Amino acid sequence: MSGFKKICTTTINGKRWIVGYGYTGKTNGKINDGLCDYEKRRIILQRRENGRKSTIIDVAVHELMHAFLVCLNEDAVNDFGELCGRVLPKLLAVDADK
Ligand SMILES: [Zn+2]
């Protein structure tokens with residue numbers, strides 16, 4: 001298991017969470033892109049970009065959604081993460097003032 005690299009802390013629903021890169025565990029033998037650890041209040045993202053199946057935005061939004069709205073099912077979280085993964089990079093790539 002590799003170490004955890006803290007990137008930032010943030011408040012979600014009044015509770016302090018830590019967001020960073022680290023070991024996300026495995027599902028069916030494959031390393032997970034991300035992990036929302038409710039007990040430790042940690043959002044962990046797979047650090048190796050080529051080890052991820054999705055973009056960092058997709059994964060980060062996905063795990064943040066899990067932390068923010070515990071009631072959402074996996075399909076809804078997946079869809080919203082993928083939506084953000086498609087749209088946000090296009091917005092971020094453009095300087096709107098020019
Ligand atoms: Zn999920």
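**Close-up views of the predicted model**

**View 1. Packing of helix H1 against helix H2.** In this predicted model, helix H1 (residues 56-68) packs with helix H2 (residues 74-92) at an angle of about 140°, and their axes are 8 Å apart. Angles over 145 degrees would count as roughly antiparallel; H1 and H2 are therefore oblique to each other. The crossing in which H1 passes H2 is right-handed. On the H1 side, the contact is made by Ile57, Asp58, Val59, Val61, His62, Met65 and His66. On the H2 side, Val77, Asn78, Phe80, Gly81, Glu82, Cys84, Gly85, Leu88 and Pro89 take part. By residue class, this contact of H1 with H2 comprises nine nonpolar, five polar and two charged residues.

View 2. Four strands, in the order E1-E2-E6-E5, make up an open sheet with mixed pairing. Its edges are strand E1 (5-12) and strand E5 (34-37), each of which pairs on one side only. From one strand to the next, the twist averages 15°. Helix H1 packs on this sheet and touches E1, strand E2 (15-21), E5 and E6. The direction of H1 makes about 15° with that of E5. In a regular strand, side chains alternate between the two faces of the sheet.

**View 3. The hairpin of E1 and E2.** Strands E1 and E2 are paired in the antiparallel sense over seven bridges. Lys5 stands opposite Tyr21 in E2. The two strands form a hairpin with two residues between them. In the turn, Asn13 has a positive phi of about 50°.

**View 4. The parallel pairing of E2 with E6.** E2 and E6 run parallel and are joined by four bridges. Two of the residue pairs can be followed here. Val19 lies opposite Ile43 in E6, and Gly20 has Ile44 of E6 as its bridge partner.

View 5. E5 and strand E6 (residues 42-45) run antiparallel and are joined by four bridges. E5 and E6 form a hairpin with four residues between them. Arg41, in the turn of this hairpin, has a positive phi of about 50°.

**View 6. The protein as a whole, for orientation.** The protein contains two helices and six strands. Read from the N terminus on, its elements follow the order β-β-β-β-β-β-α-α. The radius of gyration of the protein is 14 Å, close to the 13 Å that the globule rule gives for 98 residues, so the protein is as compact as a globular protein of that length. Taken along the principal axes, the box filled by the C-alpha atoms is roughly 45 × 35 × 25 Å.

Definitions and conventions: Residues are numbered from 1 along each chain as its sequence is written. This is a predicted model: local features need pLDDT of at least 70, side-chain atom pairs count only at pLDDT 80 or more; totals for chains, interfaces and linings use all residues. Axes are lines fitted to C-alpha atoms, for helices over the stretch in contact, and angles run from 0 to 180 degrees between N-to-C directions. Angles under 35 degrees count as roughly parallel, over 145 as roughly antiparallel, 65 to 115 as roughly perpendicular and the rest as oblique. A crossing is left-handed if the near helix is turned anticlockwise from the far one by less than a right angle, and right-handed if clockwise. Two residues are in contact if their C-beta atoms, placed from the backbone, lie within 7 Å. Ala, Val, Leu, Ile, Met, Phe, Trp, Tyr, Cys and Pro count as nonpolar, Asp, Glu, Lys and Arg as charged, and the others, Gly among them, as polar. Two strands pair if DSSP finds at least two bridges between them. The radius of gyration is taken over C-alpha atoms; the globule rule is 2.2 Å times the number of residues to the power 0.38.
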